[in-house]
Amino acid sequence: MSEFISPELIEQFNKAAQLAREGKYEESLAGWNRLLFPSKEDKQDKSKMMSGHFLGIAMMRRAWVLIDLKNYEEAKRAFEEDIMKACLGQFSMHELYEYYFSYGNTLGELGDLDGMDDAFSRAINIAAKEIGDLSRCELTWKNLMSFAENFQAWEYLERESKNALTFAENSNSELLKFEAKWYHILALKGLNQVERAREEAELMLKDLRKMDADKAVTRLQDLIDSM
């Protein structure tokens with residue numbers, strides 16, 4: 001925290017964050033609201049200063065609590081606030097990833113797949129090129145494909161699962177390879193391309209058996225049997 005931020009505000013921040021960690025989301029939200037939307041008396045207290053970075057992180061933490069409360073519409077508004085966006089330039093790359101990842105998840109929950117795609121693409125780009133964190137890339141790709149499945153956006157899922165597979169091959173991610181192939185099979189099934197789906201599933205099944213991946217084999221065999 002910056003030396004220009006008043007101790008009272010830091011205390012409020014830490015208390016609201018702790019309440020969220022304890023799962024007391026309503027109380028945490030009230031804490032973030034007091035910090036970000038102060039009373040007239042608090043506004044007049046000029047000793048309470050905060051930086052743009054502090055403000056942006058507090059706004060993002062408030063949005064996270066709204067997500068925990070499944071209030072996705074309000075979380076979306078929080079992420080899209082002009083003030084929030086103005087603070088992004090002061091975020092570290094790790095914080096910027098968290099912003100786009102969280103924003104993408106919110107849009108995914110609301111079924112805004114175009115907006116989600118843009119946010120997740122930014123998150124993946126940051127994780128891959130700026131942070132160098134493959135696990136974050138894998139998680140973001142997985143969430144993207146999961147939301148596409150949830151909303152039965154089969155054409156989108158068919159395309160993006162292939163893109164995910166290309167990314168996985170280029171980054172040597174065995175985990176993402178499995179997820180991408182799995183979701184591509186689901187997409188083909190959803191598009192009524194059953195023969196193609198079955199062919200890909202049988203090939204994948206052979207690879208999994210060689211790896212002694214029993215749980216994955218059972219999961220895939222159940223999918224094949226359902227076609």
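This is a predicted model: local features need pLDDT of at least 70, side-chain atom pairs count only at pLDDT 80 or more; totals for chains, interfaces and linings use all residues.

Reader: What span does helix α1 reach from its first C-alpha to its last?

Author: Helix α1 runs over residues 7–21 and has 15 residues. At 1.5 Å a residue, a span of 21 Å is expected for this helix. The span in the model is close to that value, reaching 21 Å.

Reader: Around the axis of α1, what arc do the buried residues cover?

Author: The buried residues of α1 are Leu9, Phe13, Ala16, Ala17, Leu19 and Ala20. They lie on the same side of α1, because around the axis they cover an arc of only 160 degrees.

Reader: Which exposed residues does the face of α1 turned away from its buried side carry?

Author: On the buried side, the cover over the buried residues includes α2 (25–36) and α4 (52–68). The face turned away from that side carries exposed residues instead, and these are Pro7, Glu11, Lys15 and Arg21.

Reader: In the loop between α10 and α11, is Asn172 buried or exposed?

Author: Asn172 lies in the loop between α10 and α11, and its phi is near 55 degrees, a positive value in a residue other than glycine. Its relative accessibility is 61%, and a residue must be over 50% to count as exposed, so Asn172 is exposed.

Reader: Is Lys177 buried or exposed?

Author: Lys177 is found in helix α11 (residues 174–190). Leaving aside neighbours within four places in sequence, Lys177 is in contact with Leu165, Ala168 and Glu169. Its relative accessibility is 19%, and the cut-off is under 20%, so Lys177 counts as buried.

Reader: How many residues does the largest nonpolar core have?

Author: Phe91 is among the members that touch the most other members of this core, as are Trp32, Tyr99, Met116, Met145 and Leu220. Leaving aside neighbours within four places in sequence, the contacts of Phe91 include Ile57, Met60, Leu96 and Tyr99. The number of residues in the largest nonpolar core is 72.

Methods
Residues are numbered from 1 along each chain as its sequence is written. Side-chain values use heavy atoms; hydrogens and water are left out. Helices (H or I, at least four residues) and strands (E, at least two) are DSSP runs, numbered from the N terminus. Buried means under 20% relative accessible area, exposed over 50%, partly exposed in between (1.4 Å probe, protein chains only). Contact means heavy atoms within 4.5 Å. The expected span of a helix is 1.5 Å times one less than its number of residues. The arc is that of the directions from the helix axis to the C-beta atoms. A nonpolar core is a set of buried Ala, Val, Leu, Ile, Met, Phe, Trp, Tyr and Cys residues joined through side-chain atoms within 4.5 Å.
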